[in-house]
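Me: I have a structure open and have not looked at it before. Can you walk me through it?
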Amino acid sequence: MTTLFLIITFILGLAVGSFLNVIAYRSVHGGSIFFGRSRCPHCKKELKTADLIPIVSFLLLKGKCRYCGKKISLQYPLVEVATGVLFAFTFYFWNITYHVSSVSYVDLAQLIFLLFIVSVLVVLFVTDIKDGLLPNSIVLPAIIVVLAYKTFLTFFIPLPISSLLADLLAAFLAALAFFVIVFVSGERAMGGGDVKLVFLIGLIVGWPAILVSLFASFLTGAAVAVMLLLIGKKRFGQTIPFGPFLTIGGFIALFWGQQILDVYLRTINR
Ligand SMILES: [Zn+2]
C-alpha cells in the first residue's frame with residue numbers, strides 16, 4: 001500500500017516539478033505564474049502539450065527544442081526528478097508519523113503543507129542558483145500561507161498559542177541576525193532576499209529547530225565554497241549565493257530538526 005502511494009507521490013512530484021520550473025522562470029523574467037502557455041526560451045515558439053510531459057518529452061526530444069533545435073537546459077528534467085524524489089520522501093516521512101490508514105483532515109493538511117513548503121524551497125533554490133534572486137513574488141506569499149496555516153492550527157486543533165509565538169520569535173530573531181550580517185557586510189555575501197528567506201524558514205521550522213537549519217546552511221555553504229575553490233571554479237573573495245544553502249538547511253530542519261537537537265543535547269549533557 002505504502003509503495004503505491006510512494007509511486008503516486010513521485011509522479012505527482014514530477015508534474016509539480018515541471019510547474020515549479022515554469023514558476024522559477026516567470027518569477028524572475030516576468031509573466032503570469034498561472035496563465036499563458038509555455039514557450040521555448042530561445043525561439044519563443046509556443047510549446048505543445050506533447051513537449052511538456054515531465055522527463056518523457058525531454059528524453060523523446062533528446063534534450064533539444066522541437067522547433068529550433070537548441071539544447072533544453074538540464075535544469076528542467078533535474079528539477080522534475082528532484083521534486084518527484086522529494087515528494088515521495090515527504091510522503092514517506094509523513095507516513096511514519098501519521099499513517100495513511102488512519103488519517104484525519106488535519107493530518108492530510110499537514111501533508112499538503114509539507115509538500116507546499118518543499119515546492120517553495122525548490123523554486124527558491126533554482127532562482128537563486130540560476131539568477132541570484134529570491135523573488136518577493138515567491139517569498140512573501142509563502143510567508144502569508146505559512147502564517148495562515150500556523151494560525152489555523154493554533155485555533156482549530158488547538159495548539160497552544162506559545163507554539164505560534166515560538167515560531168514567530170524564531171522568524172524574527174533569525175531575520176534580525178541576518179539583517180545585521182547584511183548590514184555589516186554591505187550586502188556583499190548576502191542580500192535582503194536572504195533576510196526574508198530566513199524569516200520564512202524560521203516561521204516554518206520554529207524555535208529551536210531554526211538553529212539546526214542555520215547551522216546546516218553555514219556548514220553546507222562552507223563545504224561547497226571550499227570545494228569550488230579547490231576545483232578552481234571560484235577564486236578567493238568571490239561570493240556564491242547563500243539562498244540555496246538556506247533552502248537545504250530549511251529542508252533538513254523541517255524533517256530532522258528535533259532529532260538533530262536531541263542528539264546534540266545528549267552529547268553535551270554527557
Ligand atoms: Zn526553440
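Me: Let's start inside. Which residues touch the most other members in the largest nonpolar core?
Reply: Keep in mind that this is a predicted model. The largest nonpolar core has 54 residues, and Leu124, Phe178, Leu200, Val205 and Leu246 touch the most other members.

Me: Which elements give two or more residues to this core?
Reply: Those are α1, α3, α4 (105-131), α5, α6, α7 (192-205), α8 (209-230) and α9 (243-268). With 12 residues, α4 gives the most to this core.

Me: Cys40, buried or exposed?
Reply: Cys40 counts as buried, because its relative accessibility is 5%. Cys68 has 33% relative accessibility, so Cys68 counts as partly exposed.

Me: Changing topic. How many salt bridges does a search of the whole structure find?
Reply: The search finds 3. One of them joins Arg39 and Glu46, with the closest N and O atoms 3.5 Å apart. Arg39 counts as partly exposed at 48% relative accessibility, and Glu46 counts as partly exposed at 39%.

Me: What about Asp51, which side chain does it meet in a salt bridge?
Reply: Asp51 meets Arg66, at 2.6 Å from N to O. This pair links distant parts of the chain, with Asp51 in the loop between α1 and α2 and Arg66 in the loop between α2 and α3, 15 residues apart. Asp51 is buried, with a relative accessible area of 11%, whereas Arg66 counts as partly exposed at 41% relative accessibility.

Me: And which residue does Asp167 form a salt bridge with?
Reply: Lys150 is the partner of Asp167, and their closest N and O atoms are 3.1 Å apart. Asp167 is in helix α6 and Lys150 in helix α5, 17 residues apart, so here too the pair links distant parts of the chain. Both Asp167 and Lys150 are buried.

Me: On to the surface. Which residues form the nonpolar patch there?
Reply: The patch is made of Phe152, Phe155, Phe156, Ile161 and Leu165, with about 560 Å² of accessible area together. The elements that give two or more residues to the patch are α5 (136-156) and α6 (161-185). The largest share, 3 residues, comes from α5.

Me: Where is Phe152, and how exposed?
Reply: Phe152 lies in helix α5. Its relative accessibility is 33%, so Phe152 counts as partly exposed.

Me: Now the backbone. What is the peptide bond from Ile157 to Pro158?
Reply: That bond is cis, with omega near -10°. Pro158 sits in the loop between α5 and α6. The bond from Trp207 to Pro208 is also cis, with omega near 5°, and Pro208 is in the loop between α7 and α8.

Me: What is phi of Lys44?
Reply: Lys44 has a positive phi of about 65°, although Lys44 is not a glycine. Lys44 is in the loop between α1 and α2 and is partly exposed, with a relative accessible area of 47%. Ile55, another residue other than glycine, has a positive phi near 60°, and its place is in the loop between α1 and α2.

Key: Residues numbered from 1 in each chain as written. Predicted model: local features only at pLDDT ≥ 70, side-chain atom pairs only at ≥ 80, totals over all residues. Heavy atoms only, no water. Patch = residues over 30% accessible without salt bridge, like charges linked within 9 Å, V, L, I, M, F, W, Y side chains within 5 Å. Areas by Shrake-Rupley, 256 points an atom, 1.4 Å probe, with all protein chains shown as cover. Salt bridge = Lys/Arg side-chain N within 4 Å of Asp/Glu carboxyl O. Helix = DSSP H or I, 4+ residues; strand = E, 2+ residues; numbered from the N terminus. Buried < 20%, exposed > 50% of the residue type's maximum accessible area, 1.4 Å probe, protein only. Core = buried A, V, L, I, M, F, W, Y, C linked by side-chain atoms within 4.5 Å.
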